[in-house]
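Here is a short briefing to read with the model open beside you. Take it topic by topic, and look up each residue as you go.

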Amino acid sequence: MIRSILAADLPDLDNDRLDEVTAFVERRIDQLVGPAGFGVRLVRMLMSALLAPPWRRFTLPVLTSIALPGFGDFVRLVRSLGYAYIWELWPDTSPEGAR
């Protein structure tokens, strides 16, 4: 699901880089502690159910474009961690993710 969010925003990012960024974001989310960590993991679980493969192409644009409490925050968290990682390691990356 994290991969889907990043892939939708950066369609030209190659699979190796996308895998690396996804792993980084997942590690960071798993390291969150306390109530914030619980909340983020709960939202991730709910979004994973909503973004199951049969209906992902319909729900992903909706969940990433509206600011539902919790869901919008989770998408912003994924984007901010992913973008920071990408442009810190590969500063020549285009806005679409191409090398």
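How many salt bridges does the structure hold? The answer is five, with the caveat that this is a predicted model.

**Salt bridges between helices**

- Arg-79 and Asp-9 join their side chains in a salt bridge, at 2.6 Å from N to O.
- This pair ties together distant parts of the chain, since Arg-79 sits in helix H5 and Asp-9 in helix H1, 70 residues apart.
- Arg-79 is partly exposed at 21% relative accessible area, and Asp-9 is partly exposed at 23%.
- Asp-30 and Arg-44 form another salt bridge, with 2.9 Å from N to O.
- Here too the link is between distant parts of the chain: Asp-30 belongs to helix H2 and Arg-44 to helix H3, 14 residues apart.
- Asp-30 has a relative accessible area of 44%, so it counts as partly exposed.

- Arg-76 and Asp-73 meet through their side chains at 2.2 Å, N to O, in a salt bridge.
- Both residues lie in helix H5, three residues apart, which is about one turn of the helix.
- Arg-76 is partly exposed, with 45% relative accessible area, and Asp-73 is partly exposed as well, with 43%.

**A buried arginine without a partner**

- Arg-17, in helix H2, is buried but has no salt bridge.
- The nearest side chain of opposite charge is that of Asp-14, 4.2 Å away; a salt bridge needs the nitrogen and oxygen within 4 Å.
- Leaving aside residues up to four places away in sequence, Arg-17 touches Trp-90, Thr-93 and Arg-99.

**Helix H5 and its cover**

- Helix H5 covers residues 71–89, and its 19 residues should span 27 Å at 1.5 Å a residue; the end C-alpha atoms are 27 Å apart, so the two values agree.
- Buried residues in H5 include Phe-71, Phe-74, Val-75, Val-78, Tyr-85 and Ile-86, and Gly-72 and Gly-82 are buried there too.
- Among the elements covering these buried residues are helix H1 (2–9), helix H2 (15–30), H3 and helix H4 (56–65).

**A nonpolar surface patch**

- Phe-38, Leu-42, Met-45 and Leu-46 make up a nonpolar patch on the surface, with about 410 Å² of accessible area together.
- Met-45, one of the patch residues, is found in helix H3, residues 34–50.
- Is Met-45 buried or exposed? Its relative accessibility is 54%, so Met-45 counts as exposed.

Key: Residues are numbered from 1 along each chain as its sequence is written. This is a predicted model: local features need pLDDT of at least 70, side-chain atom pairs count only at pLDDT 80 or more; totals for chains, interfaces and linings use all residues. Side-chain values use heavy atoms; hydrogens and water are left out. Patches are made of residues with over 30% relative accessible area and no salt bridge: like charges are joined within 9 Å, nonpolar side chains (Val, Leu, Ile, Met, Phe, Trp, Tyr) within 5 Å. Accessible areas come from the Shrake-Rupley method with a 1.4 Å probe; for residues, only the protein chains shown count as cover. Helices (H or I, at least four residues) and strands (E, at least two) are DSSP runs, numbered from the N terminus. Buried means under 20% relative accessible area, exposed over 50%, partly exposed in between (1.4 Å probe, protein chains only). The expected span of a helix is 1.5 Å times one less than its number of residues. Contact means heavy atoms within 4.5 Å. Lys and Arg count as positive and Asp and Glu as negative; His and the chain ends are not counted.
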